[in-house]
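The sequence and coordinates are shown first.

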Number of protein chains: 2
Amino acid sequence: MAGYTVSFLPNEIEINCDSGTNLLELAADAGVEIKAVCGGAGSCGKCQVIVKEGKVNKLDQGILSPDKLEQGYVLACKAEVISDVVIEVPPESRLSKHQILLDDDMGDGEYLTEEDLNIDDRVELSPLYQRLELELNEPSLVDNASDLERLYTEINRDRNLPDLKTPLPVLKELASHLREYDWETGVSLAAVNGNYEVAELSAPDDENSDYGIAVDIGTTTLALNLVDLSTGKTVAMEGAYNKQANYGDDVIGRINFVKENDGGLERLHQSIIKSINELIENAATKQGIEHSDIKTAVFAGNTTMAHLFLGIDPNNIRLDPYIPTLNFIPPVRANELGINIKEESWVYCLPGVASFVGGDITSGVLATELSKQDKITLFIDIGTNGELVLGNQDWLMTCSCSAGPAFEGGGIEYGMRAMTGAIELFDIDEETYEMKYSTIDDAPPIGVCGSGLINLIAILNEVGIINRSGKFDSELEHERLRDRDYEKEFVLVPKEEAGIDKDIVITENDIKNLLRSKGAIYAGIRMMLRNMSLTEDFIEQVLVAGGFGNYINLDDAKKIGLLPDLPADKFKFVGNTSLKGAKISLLSKDAFDRVEEIAKKMTYLELSAEDQSQDFMDEFVSAQFIPHTDLSLFPSVTE
Amino acid sequence: MAGYTVSFLPNEIEINCDSGTNLLELAADAGVEIKAVCGGAGSCGKCQVIVKEGKVNKLDQGILSPDKLEQGYVLACKAEVISDVVIEVPPESRLSKHQILLDDDMGDGEYLTEEDLNIDDRVELSPLYQRLELELNEPSLVDNASDLERLYTEINRDRNLPDLKTPLPVLKELASHLREYDWETGVSLAAVNGNYEVAELSAPDDENSDYGIAVDIGTTTLALNLVDLSTGKTVAMEGAYNKQANYGDDVIGRINFVKENDGGLERLHQSIIKSINELIENAATKQGIEHSDIKTAVFAGNTTMAHLFLGIDPNNIRLDPYIPTLNFIPPVRANELGINIKEESWVYCLPGVASFVGGDITSGVLATELSKQDKITLFIDIGTNGELVLGNQDWLMTCSCSAGPAFEGGGIEYGMRAMTGAIELFDIDEETYEMKYSTIDDAPPIGVCGSGLINLIAILNEVGIINRSGKFDSELEHERLRDRDYEKEFVLVPKEEAGIDKDIVITENDIKNLLRSKGAIYAGIRMMLRNMSLTEDFIEQVLVAGGFGNYINLDDAKKIGLLPDLPADKFKFVGNTSLKGAKISLLSKDAFDRVEEIAKKMTYLELSAEDQSQDFMDEFVSAQFIPHTDLSLFPSVTE
Ligand code: FES
Ligand SMILES: [Mg+2]
Ligand SMILES: [Mg+2]
């Protein structure tokens, strides 16, 4: 098989490959990060690149216009290398340099705030991995229990830990260790499968701390806390984008990638493991500890992320009737996954409820103590997907509303994540429609992030540029409103002001996608209420989780009908509860056990099931209006 | 470091080594089997070899006479190679060719009789590894449990197996397996740590059997049953000598070897694993199956064997207060030990009670159902050690009586194991003291095995050649009775009749060793009775276990005072109960759990403890007479 050289512009990154190699995968291998929202299915069109020299074999390029094809554009996901080639990656197809630089910042507060990271005092420190100091009775001819029985007896003197187990490597050193330290010893226990394992022996009064990590595996971002298990304090925080985004923006894109590509599962699995190991590396370096000082890890992520993390094919998650391989995940050894902490350490994943309600949500319920609340509480996690929980101490209902990644910029032409250059707030002159805006880091605007998009819909509707169904006012004539292919677009920032060489616009189609997203979420809320024979008034508390939640304007969200029209004092923005719950579980065996109970207690409402789907479609259609077809649901907004 | 060549005569086996290499270890590496009763401590004198050419560095050769040293003899265990050498291994130092050939025969009945291998009908077939056939409900939008929950639900439809667990490799194939076979599946469960593990998925109606092995790890011999787990039938039996015998005849010898030699533990560990793998290989070949068809294994052995099997240092077993690392042994993965059955299979060891009462004995109690007997029962296992159990369904007491290996030929000048050429029965003319004898396989005599030695003591005493304290009649003058260094010896077989080039004799010292052994066992029985305030009359049943037990003459054993003087119908020879119990445990999870209860229930009597040792010494001294100082204990013998 012939070997070819592929050079990626503008950074002139060269890589060799065999004939027939997929261009998108090759780019990922070369470290050239190309957008691929649909996961390489050829349907999103985000992975366009330009062939400057040489030839590629073009597979289905159906969504590219003949114009573009003429100009040398190809979908990287549907192109195979068949000669030496030079490929230009245009700016709009790149995951920008900004984003990559930002990774380092995230850990220092942008995504994780101090408040998010404080564990409630309610949690008694009793980590999944804990060290005890013991003084054993010396054996004699009349007290001749074995070393192991003697150890177990002492461990249980003030505790009740039946079914202690000890793995072979520890058994091998037990006799000499106990005698070397004259029957005093440190012993570390790891909780596993309802039992405890004697994971490690140490010198008595050993001064070294044991560490654990709590990790939120988001579809878009990863967040890690390095925690000192003896104090419960977080000593380092790290965050990064999930590098799997190279293979698809949302979980469906990732699953498609696995389905469409040989070795795709292993690739996504390794990608997430590698990303996590980088965070571990950074955190360990900051704290000045060894990887082997990290003795355990708790992960929380949605069901697809959990499958990919474990290397389990997520394909059936995407297929009716949406069945995951598992929701309750047994502990796995770190080395079995390649997680770079102490070898043979146990790695725990928080349990999920269904294909689209995962461990990140049960973790959130734990972190917010929703399952202990008197008040009927609505929990909303708007991430790449939208998941909802409704309930209190007596009952818990949950559903997922396939909101899609619109609020993270997915499917929106100039949508983007909340990062440097993203517009987060607009101001419009009611008369002239002249627009002002503010961007993150005050950088020249390059797109609009989720909070900016919500704000934008609200004000466009308010001033009458779009009507309640999200269409541009057909009467309106304004230089900013102009026709394009089969729709209209409204110029937000003319190219001269923008940080990119184009006008930043919003299209009718963008607006449709945003209304779809918000409509899905609101319809989900309505469906849960319906199934419990409740109305909005019964909701006593709304908890908005997720990085995104921290930045949206509550009034805007109510105005467009994303959040229910309830008094402001009923809302709480609770941050990254997935991470918080993982950390609580790490530090408290009781809490860890409680998440399992929570997952079992949660009733999953499948909105596409026969008895729900018609109602859901009705609710969904009504909720795609601004704020809703039924204005009585939004009295304060419409008054 | 210079490399030397060592050549072993008579077989001219050559091997290269570094300067300073220990000669005994080198011989073992070369496959030249040299006796080493004391495990290389330099105290047994069995490893004598002759340096024919070249020089060795002689370490402590204290027990060799100046004569022998002059003739070129050295103790192999205390000699280091410092030049090219030619070493002759004299016949008396060899583990003879006969013994090695015999290995193959053992499995076919010499050690294991058909009767030993039948599992009682009482045991319900429910193996530690078992396959179920399941038909799962197909999932739907309203029945959307995960694949794993669905599987667990079906497993538990007619069962109660809480805490099912599934390892990652099985999880990875679960989704596609269930769909490939349209929700019908075979599933194999392995019992582990009180839970069950989903060990394997298979096609529905898979015709292939799963196999398991039960293994008795004796100090001297290994015995293995290959069992079809679906029928409970043994399909192949294998036996072999424990190759560790190269490093010491009894457990103390082996422990010494570990203590005295760098890497000694690993060496003994690997030796036993290798021996077991050879048996597995043979059994699998006979049955025409793959190693990977063997899905689980149960091992029973004494506490030292269990430690060495696991690779755990047994040193403290030998040191006052005789503390093993562990008695209750957690299951271990086959590949962690290097046992060549299906990878990741669980390997179980039956639990022991103390340093000198191990899993072979608890296994025996299980196999004989001693713990369910109404009758007060005495269980005696005379192997390389002597272990005793006394009790019934209400109580169980056990002790070990360091009988030593005399009945297996250890410490007896012409003692040997029960194999070709061993004298097993004598006949003596009361007048002339002319002797007849019968040997195993009617071969020319080369030594005396255990049953022969017991018979010999009985008849020598009967005709008055030795008195009740084991001394030769000081008045007796006979050509067969002659002086040697500091003692007397009696010629059993003149060299002309023998299969070796020497007279076969028994010495006063040999007799002393034999009386010591039988005295230790009998004193142990007495001590247990004393501690329960019982006398011999209360013993309603005596179960004699061990290969050796099958061949001794009951009358002889009573005559010399080895076994209590009870009516013959109270005695039962029960064979290899260690193997039998291992097999029962393999085939019945209940039985396996019961052994643990048995081990917990057994009260260990430490004969060297302060409150026992004086009584034991008294009993021991009295029991070294023939049959005993207190003749009233042996009424039928002395009447
Ligand atoms: S079209 Fe190529 S990744 Fe979406
Ligand atoms: Mg999230
Ligand atoms: Mg035995």
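**Strand pairing**

The structure described here is a predicted model. In chain A, strand S1 (residues 3-9) pairs with strand S2 (residues 13-18) in the antiparallel sense, over six bridges. Within this pairing, Ser7(A) has Glu14(A) of S2(A) as its bridge partner. S1(A) and S2(A) make up a hairpin with three residues between them. In the turn of that hairpin, Glu12(A) has a positive phi of about 50°. S1(A) also runs parallel to strand S7 (residues 85-88) of chain A, to which four bridges join it. There the bridge partner of Phe8(A) is Ile87(A) in S7(A).

Chain B contains an open sheet of six strands with mixed pairing, in the order S14-S13-S12-S15-S17-S16. Strand S14 (234-241) and strand S16 (332-333) of chain B are the edge strands; each has a single partner strand, so one side of each is left without a neighbour in the sheet. The pairing of S16(B) with strand S17 (residues 346-349) of chain B is antiparallel and comprises two bridges. Arg333(B) has Trp346(B) in S17(B) as its bridge partner.

**Salt bridges**

Over all chains, the structure holds 54 salt bridges.

| Salt bridge | N to O distance |
|---|---|
| Glu197(A) and Arg333(A) | 3.3 Å |
| Asp210(A) and Lys295(A) | 2.9 Å |
| Arg157(B) and Glu154(B) | 2.9 Å |

The side chains of Glu197(A) and Arg333(A) meet in a salt bridge. Because Glu197(A) lies in strand S11 of chain A and Arg333(A) in strand S16 (residues 332-333) of chain A, the pair ties together parts that are 136 residues apart in sequence. Both Glu197(A) and Arg333(A) are buried.

Asp210(A) forms a salt bridge with Lys295(A). Asp210(A) belongs to the loop between S11 and S12 of chain A, whereas Lys295(A) is in strand S15 (residues 294-301) of chain A, so this pair ties together parts that are 85 residues apart in sequence. Asp210(A) and Lys295(A) are both buried.

In chain B, Arg157(B) and Glu154(B) are joined through their side chains. Glu154(B) counts as buried because its relative accessibility is 11%, and the cut-off for that class is under 20%. In chain A, salt bridges with shared partners link Glu413(A), Arg482(A), Arg484(A), Glu487(A), Glu489(A) and Asp503(A) into one network.

**A covered helix**

Helix H12 (residues 359-368) of chain A is mostly covered, with 10 of its 10 residues buried. Among these buried residues are Ile361(A), Val365(A) and Leu366(A), together with Asp360(A), Thr362(A) and Ser363(A). Just after H12(A), Glu369(A) adopts a positive phi of about 55°.

**A negative surface patch**

On the surface, a patch of negative charge is formed by Glu135(A), Glu138(A), Asp182(A), Glu184(A), Asp205(A) and Glu207(A). Asp205(A) is located in the loop between strand S11 (195-202) and strand S12 (211-217) of chain A. Its relative accessibility is 56%, so Asp205(A) counts as exposed, the cut-off for exposed residues being over 50%. The loop between S11 and S12 of chain A also holds Asp210(A), which is buried.

Definitions and conventions. Residues are numbered from 1 along each chain as its sequence is written. Chains are lettered from A and ligands numbered from 1 in the order in which they are written. This is a predicted model: local features need pLDDT of at least 70, side-chain atom pairs count only at pLDDT 80 or more; totals for chains, interfaces and linings use all residues. Side-chain values use heavy atoms; hydrogens and water are left out. Patches are made of residues with over 30% relative accessible area and no salt bridge: like charges are joined within 9 Å, nonpolar side chains (Val, Leu, Ile, Met, Phe, Trp, Tyr) within 5 Å. Accessible areas come from the Shrake-Rupley method with a 1.4 Å probe; for residues, only the protein chains shown count as cover. A salt bridge is a side-chain nitrogen of Lys or Arg within 4 Å of a carboxyl oxygen of Asp or Glu. Lys and Arg count as positive and Asp and Glu as negative; His and the chain ends are not counted. The place of a charge is taken as NZ of Lys, CZ of Arg, CG of Asp or CD of Glu. Buried means under 20% relative accessible area, exposed over 50%, partly exposed in between (1.4 Å probe, protein chains only). Two strands pair if DSSP finds at least two bridges between them.
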